[in-house]
Amino acid sequence: MSSLERQSELEEEVANIIVQRQHGDWTAEEQRELEQRLASDASYAEVYRLAEQSLGALRGAAELPEMMRFRQEAIAHARR
């Protein structure tokens, strides 16, 4: 497996974990497993950190007045 393939695989795995944590049933056991993986796999931990950082930036941007306006325009357009 190439390093690009490995990176892509890690990014997909992390994305799935983040979605599951936020929108699925996330157990204490799964949390322990995640913490162990983060502690033992530096590459995984870095991808996870970057994904969480990106998600935080997106959440912050979602509240900007420009984004609220775009959202309202999109909803109005969809209702037409």
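Leu64, Met67 and Phe70 together form a nonpolar surface patch with about 260 Å² of accessible area. This is a predicted model, in which local features need pLDDT of at least 70 and side-chain atom pairs count only at pLDDT 80 or more, while totals for chains, interfaces and linings use all residues. Residues are numbered from 1 along each chain as its sequence is written, and side-chain values use heavy atoms, with hydrogens and water left out.

**The nonpolar patch**

Patches consist of residues with over 30% relative accessible area and no salt bridge; like charges are joined within 9 Å, and nonpolar side chains (Val, Leu, Ile, Met, Phe, Trp, Tyr) within 5 Å. Accessible areas come from the Shrake-Rupley method with a 1.4 Å probe, and for residues only the protein chains shown count as cover. Phe70 is placed in helix H4, residues 65-79. Helices (H or I, at least four residues) and strands (E, at least two) are DSSP runs numbered from the N terminus. Phe70 counts as partly exposed because its relative accessibility is 44%; buried means under 20% relative accessible area, exposed over 50%, and partly exposed in between (1.4 Å probe, protein chains only).

**Salt bridges**

Side chains of opposite charge can pair when their charged atoms come close. A salt bridge is defined here as a side-chain nitrogen of Lys or Arg within 4 Å of a carboxyl oxygen of Asp or Glu, and the count by this rule comes to 7 salt bridges. Three of them are listed below.

| Salt bridge | N to O distance |
|---|---|
| Asp41 and Arg6 | 3.7 Å |
| Arg37 and Glu13 | 2.6 Å |
| Arg37 and Asp41 | 3.2 Å |

The salt bridge between Asp41 and Arg6 links distant parts of the chain: Asp41 is in the loop between helix H2 (28-40) and helix H3 (42-62), and Arg6 is in helix H1 (residues 3-23), 35 residues apart. Asp41 counts as buried because its relative accessibility is 16%, whereas Arg6 is partly exposed at 30%.

In the salt bridge of Arg37 with Glu13, Arg37 lies in helix H2 and Glu13 in helix H1, so the pair ties together parts that are 24 residues apart in sequence. Arg37 is partly exposed at 24% relative accessibility, and Glu13 is partly exposed with a relative accessible area of 28%. Salt bridges with shared partners join Arg6, Glu9, Glu13, Arg37 and Asp41 into one network.

Contact means heavy atoms within 4.5 Å. Not counting residues up to four places away in sequence, Arg6 touches Met1, Arg37 and Asp41. The C-alpha atoms of Arg6 and Ala39, 33 residues apart along the chain, are separated by 19 Å.

**Packing of H2 and H3**

H2 and H3 pack at an angle of about 110 degrees, and their axes are 5 Å apart. Axes are lines fitted to C-alpha atoms, for helices over the stretch in contact, and angles run from 0 to 180 degrees between N-to-C directions. H2 and H3 are therefore roughly perpendicular to each other; angles of 65 to 115 degrees fall in this class, those under 35 count as roughly parallel, those over 145 as roughly antiparallel, and the rest as oblique. Leu34, Arg37, Leu38 and Ser40 of H2 make the contact with Ala42, Tyr44, Ala45 and Tyr48 of H3.

**The loop between H1 and H2**

Asp25 is located in the loop between H1 and H2 and is exposed, with a relative accessible area of 72%. Leaving aside neighbours within four places in sequence, Asp25 is in contact with Gln20 and Glu30. Asp25 and Phe70 are 45 residues apart in sequence and 32 Å apart in space, C-alpha to C-alpha.
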